[in-house]
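Subject: Structure handover

Hello,

Please find the structure below. My notes on what was found follow after it.

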Amino acid sequence: MEKFRRQAREISPNFGGAAFDALGCAGWLLKVANPTRPLRTHGLPPFLGAGSTWGDYSITESFTKMVQGSVTVGYDGPGHVMYLSGKKCPIRYATAYLTGLKLPKPGTTCPAE
């Protein structure tokens with residue numbers, strides 16, 4: 001696995017190796033200890049999700065839809081590293097939420113930069 005990670009990092013320094021991390025749990029023999037269940041959302045503030053249109057947008061949105069008033073912003077770029085991506089549009093929305101609790105309108109997407 002480490003060999004594949006090195007090769008992936010050489011081919012794609014910005015994303016390399018991430019796809020192989022999920023393989024660590026493949027074929028796990030033990031029963032799931034924390035099965036999914038409805039999320040108790042009473043009293044939670046709305047969330048801002050930032051989802052990559054390259055792959056994790058639908059997963060992010062499935063979470064934010066569980067909390068009333070939450071919004072997911074779609075952006076063009078790698079997932080899980082939104083602040084490190086340098087993408088100004090999603091960073092602007094995240095900063096506005098973190099500093100002033102201002103959410104964008106539902107359905108907001110960021111154009112490719």
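What percentage of the 113 residues of the protein count as buried? The share is 26%, where buried means under 20% relative accessible area, exposed means over 50%, and partly exposed lies in between, with a 1.4 Å probe and protein chains only.

Before the rest, two remarks on the source. This is a predicted model, in which local features need pLDDT of at least 70 and side-chain atom pairs count only at pLDDT 80 or more, while totals for chains, interfaces and linings use all residues. Residues are numbered from 1 along each chain as its sequence is written, and side-chain values use heavy atoms, with hydrogens and water left out.

Overall layout. The protein has five helices and two strands, in the order α-α-β-α-β-α-α along the sequence. Helices (H or I, at least four residues) and strands (E, at least two) are DSSP runs, numbered from the N terminus.

The core. The largest nonpolar core has seven residues: Val 73, Tyr 75, Met 82, Cys 89, Ile 91, Ala 94 and Cys 110. Such a core is a set of buried Ala, Val, Leu, Ile, Met, Phe, Trp, Tyr and Cys residues joined through side-chain atoms within 4.5 Å. Strand E2 (71-75) and H5 each supply at least two residues of this core, and H5 gives the most, with three.

Pro 104. This residue lies in the segment after helix H5 (88-100). Pro 104 counts as buried because its relative accessibility is 10%. Leaving aside residues up to four places away in sequence, Pro 104 touches Leu 48, Val 71, Val 73 and Tyr 93; a contact means heavy atoms within 4.5 Å.

Rings. There is one aromatic pair. Phe 47 and Phe 63 form this pair, which is stacked, with 5.4 Å centre to centre and 5° between the planes. Rings of Phe, Tyr and Trp (its six-membered ring) pair if their centres lie within 6.5 Å; planes under 30 degrees apart count as stacked, over 60 as edge-to-face and the rest as tilted. Phe 47 is in the loop between helix H2 (18-21) and strand E1 (48-52), and Phe 63 is in helix H3 (residues 57-64), 16 residues apart. Phe 47 counts as partly exposed because its relative accessibility is 23%, and Phe 63 counts as partly exposed at 37%.

Regards
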